[in-house]
Amino acid sequence: MVLELRISFQSDWHVGTGSSESGGLDRLIARDHQGFPYIPAKTLVGILRDASEEFTSALGDKWPQWTDLLFGSQSSLLGGSTKTPPQPASLRVRPAYLPASIRKAVLESPHKNALRKAFTLSRSSTAINPKTGTALPHSLRTIELARGELELHAEVTVIGLHEDDLALATHILAATCQLVELIGSKRRRGLGKCTVSLWCDGNKVDLGDRENVDKIFPSRTPSLPKLDDLNGLPPSDPLAVNSSPSWKTIELEITSKTPLLFPRSILGNQVSTYDYIPGTSLLPVVHSALERVGIDAASAIVAGHVRITRGHPK
């Protein structure tokens, strides 16, 4: 089942990358490959899982097990036991983008660069000395924000559930969405105020009145369904690819001719690096290689049919 999340912002918001712009912005927002503000899937999953845990915990009984069913179990809560493999998620969440019609109109405009900049603004702040009421030295910070009144859409797919269980899972997601009120950083300072709704086939999923909600979510938890065999689908754990018969593993050997830097953190003018090559850094290289041999790399990567793990020294 394919659903759609619609995130409508009522205030300016900041979902960042942790990067900065030299001599300008101290914190940049996340942008997609076309330069528009967007919300990464990882951010959405984290926000939705927190809301789902809050909702199912309030219902009591065994309802919290539905959170693990939809979002997968958290390995950090399994006590490090290797005997209990984490439960895969039945929910697949894509990043949230601006509607295709808006993106197309901007990109086809002769003023597309100016229009893309119009989606963002900057805001500066400084720390104040409580005794003198003056700004503290070197405390001025400027962050980039995406403007309020924007609506972003994200595709959500539920897999491995039968039809009867899909209806309940959809209602749980709809209730979860209603609990999300803030997204991004600086939420305690008025940023990221939003409403999130769930849509199916162009219609908003509505839980109805209190009486209907009580029927959908009875005090006694319905029996937890078992997921269908997901071996043919991309595993949630990239390391599990090697153990799946439907996946083919290709080893890449990389020889660096100059020192490599993959920033892990920045403290002043000191930059620390990872001791491996992140898979995201290898993605463009693999994408180009697949395109050269006639493979639609973009579609394969988006569908999750290509996984690139970290590159570690031998």
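**Briefing on a predicted protein model**

At 67% relative accessibility, E149 counts as exposed, because exposed means over 50% relative accessible area, buried under 20%, and partly exposed in between, with a 1.4 Å probe and protein chains only. The structure is a predicted model, in which local features need pLDDT of at least 70, side-chain atom pairs count only at pLDDT 80 or more, and totals for chains, interfaces and linings use all residues. Residues are numbered from 1 along each chain as its sequence is written, and side-chain values use heavy atoms, with hydrogens and water left out. Helices (H or I, at least four residues) and strands (E, at least two) are DSSP runs numbered from the N terminus.

**Backbone angles**

- E149 is found in the loop between β4 and β5 (151-158).
- Although E149 is not a glycine, this residue has a positive phi of about 70°.
- K186 is another residue other than glycine with a positive phi, here near 60°.
- The loop between α5 (163-179) and β6 (194-200) holds K186, which counts as partly exposed at 32% relative accessibility.
- As background, most residues other than glycine have a negative phi.

**The cavity**

- A search of the whole structure finds one cavity of 30 Å³ or more; a cavity is a set of points on a 1 Å grid over the protein atoms alone where a 1.4 Å probe fits but cannot get out.
- The volume of the largest cavity is about 30 Å³, a volume being the space filled by probe spheres set on grid points that are joined across faces, edges and corners.
- L5, I7, L44, I47, L48, V180, I183 and V196 line the largest cavity, and lining residues have an atom within 4 Å of a point.
- The largest share of the lining, three residues, comes from α1.
- By class, the lining has eight nonpolar residues, no polar ones and no charged ones.
- In this classification, Ala, Val, Leu, Ile, Met, Phe, Trp, Tyr, Cys and Pro count as nonpolar, Asp, Glu, Lys and Arg as charged, and the others, Gly among them, as polar.

**Salt bridges**

- The count comes to six salt bridges, where a salt bridge is a side-chain nitrogen of Lys or Arg within 4 Å of a carboxyl oxygen of Asp or Glu.
- Side chains of opposite charge can pair when their charged atoms come close.
- One of the salt bridges joins D12 and R123, with their closest N and O atoms 3.5 Å apart.
- This pair links distant parts of the chain, since D12 is in the loop between β1 and α1 while R123 is in strand β3 (residues 120-125), 111 residues apart.
- D12 counts as buried at 17% relative accessibility, whereas R123 is partly exposed with a relative accessible area of 39%.
- The side chains of E144 and R31 also meet in a salt bridge (2.5 Å, N to O).
- E144 lies in strand β4 (residues 141-146) and R31 in the loop between β1 and α1, so this pair ties together parts that are 113 residues apart in sequence.
- E144 is buried, with a relative accessible area of 7%, while R31 counts as partly exposed at 33% relative accessibility.

**E4 in strand β1**

- E4 lies in strand β1 and is partly exposed, with a relative accessible area of 24%.
- The side chain of E4 meets that of R6 in a salt bridge (2.9 Å, N to O).
- The C-alpha atoms of E4 and G202 are separated by 8.6 Å, although the two residues are 198 residues apart along the chain.

**Y97 in strand β2**

- Strand β2 (residues 91-97) contains Y97, which is partly exposed with a relative accessible area of 24%.
- A distance of 6.9 Å separates the C-alpha atoms of Y97 and I39, which are 58 residues apart along the chain.

**A nonpolar surface patch**

- I250, L252 and I254 form a nonpolar patch on the surface, with about 320 Å² of accessible area together.
- Patches are made of residues with over 30% relative accessible area and no salt bridge, with nonpolar side chains (Val, Leu, Ile, Met, Phe, Trp, Tyr) joined within 5 Å and like charges within 9 Å.
- Accessible areas come from the Shrake-Rupley method with a 1.4 Å probe, and for residues only the protein chains shown count as cover.
- I254 lies in the loop between α6 (210-216) and β8 (263-267) and counts as partly exposed at 47% relative accessibility.

Methods. 1 Å grid on protein atoms, 1.4 Å probe; cavity = no way out; pocket = protein on both sides within 12 Å on 5 of 7 lines; lining within 4 Å.
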